[in-house]
Structure formats: structure tokens, C-alpha cells
Amino acid sequence: MKVLAIDCAASLCAACVYDAAAGRELGRSVLDLGKGHAEHLMAVIADALKAGATDYPGLGAVAVSVGPGSFTGLRVGVSTARGLALALKIPAIGVTTLEALAAEAAAAFPGRAVLVALDAGREEIHAALYDKALALTYGPAVTTLPEATALAMENSAVLAGTAAAQIAALAKRGFDIGPQTATADIATYARLATAKGEGERPKPLYLRGADAKPQAGFILSRLRP
């Protein structure tokens, strides 16, 4: 089975084609956009399919990063994955950015607990703790830097994510540190989705509301008869 993986959770707009039976990536396309995922995602997918020498009818599943991450990027990625899955009559499988980063950290430091911590701004940390078998034991949750640091120290965890260096600095001790990025490599999502198999339809994992709020006048106009 060939799996198309999509990731718009952070600044990257990424897609790859993964051969589940062979356990290898066939082709990928990645753009570092920051914003504008909606305008570029379909072209990125087309480039990944071309690089993987396949087409839409040749796909058996769609994997997608579901966050936490960019509010708009997650909506774009998840809605595209669900739309393709519906049109092609294949499953869409969601993978969180936290579990993907944890898997990469565990590959570098096997047999260890992993704390994935993402700097969410506003002095907030999006965190999840996984045991040495990569079973989720805490989160995904919004926490503070001191709380995340205490969690890391209590569990002697490997750190991953954009807040890893902040945790190590606050703890004033050394930690083994995996990827310090906001999202994992696109092939990691494909591999984890393959292992998961079909489940509930993916939906964005929002740990807090959108930063953008409707203007008060707009709200009032919508409420008027």
C-alpha cells in the first residue's frame, strides 16, 4: 500500500509518498512557507506524487499531521486529507506532531521516556510525555515552562520540541535532546500512520483557541435579525 502523508502543522508545507509494504519513502516535496499553505499544498502533493512515480488512484491511505501547531495550517492539512480520502474512498489517518517528534527522539535514545514540549507563546507550553514504550502518560496539554521542567526532571526524560532548550536551561542540568523542531520529518508521519491503521477521521488538535477573533461589530451584525 502507498500512503500519502501531508504536514501543514508548522512553517513547512510537506508531502511524501511512502511504500508501507517496503517500509520506505518513494518521493517527497517540502516548502518552508511560514504561511500560505492553502495556496501551495495541492502543488506540493502533485510534486510528491510525481517524485514517487505514482498517482491518486495508486494511493491506499492519506496520513496527516493534526497538531498542535498552526491554527490555519492544521485546518488546511486536515481538510485536504479528509477531502482526498473521501474522493478516493481510502482512509485518512491522523498523527499528532507530539507523537511524531517523540518517535524521532526515541529512535535516537531508545528505551527512554520522552517529553515533547512546544513553545506556544504567551508563556505556554504544549506538552506530552511518553514512557519508554512510547505510550502516552501525560497530555497533550497546555502547561507552563516550570511545570514542564518538573515533569522532565521527575521522569529523567529525553526532550524534544521547540521548548527543549528552555527546559534544559531552567533545570540547570543536562538532558538528552532529540529534534528541537515544531514538527517531525514528513516520512515519520507516513510511518506512524501505517502502524496505526484506520481509525476515527482525523481532526485538528487545538489546545487553545485561535489567535484571530471576529470584530465586535461583525458579531453584532450577525446577531441582528
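Q: Which residue stands opposite Ile125 in E8?
A: Thr143 stands opposite Ile125. This is a predicted model, where local features need pLDDT of at least 70, side-chain atom pairs count only at pLDDT 80 or more, and totals for chains, interfaces and linings use all residues. Residues are numbered from 1 along each chain as its sequence is written, and side-chain values use heavy atoms, with hydrogens and water left out.

Q: How many bridges pair E7 and E8?
A: Five, in the antiparallel sense, with E8 covering residues 136-143. Strands pair if DSSP finds at least two bridges between them. A strand is a DSSP run of E with at least two residues, a helix one of H or I with at least four, both numbered from the N terminus.

Q: And what about the hairpin of E7 and E8?
A: Five residues lie between the strands, and Leu134 takes a positive phi near 65°.

Q: How many bridges join E6 to E7?
A: Seven, and E6 (residues 114-121) and E7 run antiparallel. Val114 stands opposite Tyr130 in E7.

Q: Why is E7 largely enclosed?
A: Because six of its seven residues, 124-130, are buried. Buried means under 20% relative accessible area, exposed over 50%, partly exposed in between (1.4 Å probe, protein chains only).

Q: New topic: which residues form an aromatic pair?
A: Phe71 and Tyr206, stacked at 4.4 Å centre to centre with 20° between the planes. Rings of Phe, Tyr and Trp (its six-membered ring) pair if their centres lie within 6.5 Å; planes under 30 degrees apart are stacked, over 60 edge-to-face, the rest tilted.

Q: How many residues apart are they?
A: Phe71 in helix H2 and Tyr206 in the loop between H6 and H7 are 135 residues apart.
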